[in-house]
Amino acid sequence: MIKITVLYGQPQQPEVFESYYSQIHLPLVAAIDGIQRVELTLFALSADGSLPEYYRMAELYFDSQKQMDSVMSSAAAQVAVADIANFASGGATVLVGHVSA
């Protein structure tokens with residue numbers, strides 16, 4: 001199994017991020033055929049009460065590298081990827097990794 005992890009930096013306006021993310025971006029992700037599983041995380045404050053480096057994390061799982069490449073080259077995936085710039089005012093870091101049991 002392989003996954004894409006998207007780490008979103010702290011947004012300038014969290015309420016604007018959340019509204020756009022839930023109402024516009026997540027439906028775009030849901031329209032991508034072939035993603036095996038999606039996990040979404042909203043990070044809590046650090047132990048000292050400060051904001052963590054990252055605000056949210058999205059993890060998209062695929063059966064294999066080949067399948068991920070095929071899915072992510074689709075028109076629907078390209079629209080969702082391009083959309084990140086529309087709401088991620090704190091930036092986004094994208095990582096790809098192999099999942100082990």
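Tutor: A residue is called buried if its relative accessible area is under 20%, exposed if over 50%, and partly exposed in between, with a 1.4 Å probe and protein chains only. The model is predicted, so local features need pLDDT of at least 70 and side-chain atom pairs count only at pLDDT 80 or more, while totals for chains, interfaces and linings use all residues. Residues are numbered from 1 along each chain as its sequence is written, and side-chain values use heavy atoms, without hydrogens or water.

Rings of Phe, Tyr and Trp (its six-membered ring) pair if their centres lie within 6.5 Å, and the pair is stacked with planes under 30 degrees apart, edge-to-face over 60 and tilted otherwise. Eight aromatic pairs are found by this rule. In one of them, the ring centres of F17 and F87 are 5.2 Å apart and the planes stand at 70°, so this pair is edge-to-face. Because F17 belongs to helix α1 (residues 14–30) and F87 to the loop between α3 (75–83) and β4 (92–98), the contact ties together parts that are 70 residues apart in sequence; helices (H or I, at least four residues) and strands (E, at least two) are DSSP runs, numbered from the N terminus. Both F17 and F87 are buried.

F87 also pairs with Y20, and here the arrangement is stacked, with 5.3 Å from centre to centre and 20° between the planes. This pair, too, links distant parts of the chain, since Y20 lies in helix α1 and F87 in the loop between α3 and β4, 67 residues apart. Y20 is buried, as F87 is. F87 is thus edge-to-face with F17 and stacked with Y20, and both of these partners lie in α1.

The buried residues of α3 are A77, A80 and D83. They span an arc of only 125° around the axis, taken from the directions to the C-beta atoms, which means that they sit on the same side of α3. An α-helix has 3.6 residues a turn, so residues three or four places apart point the same way. On the other side of α3, A75 and A82 are exposed.
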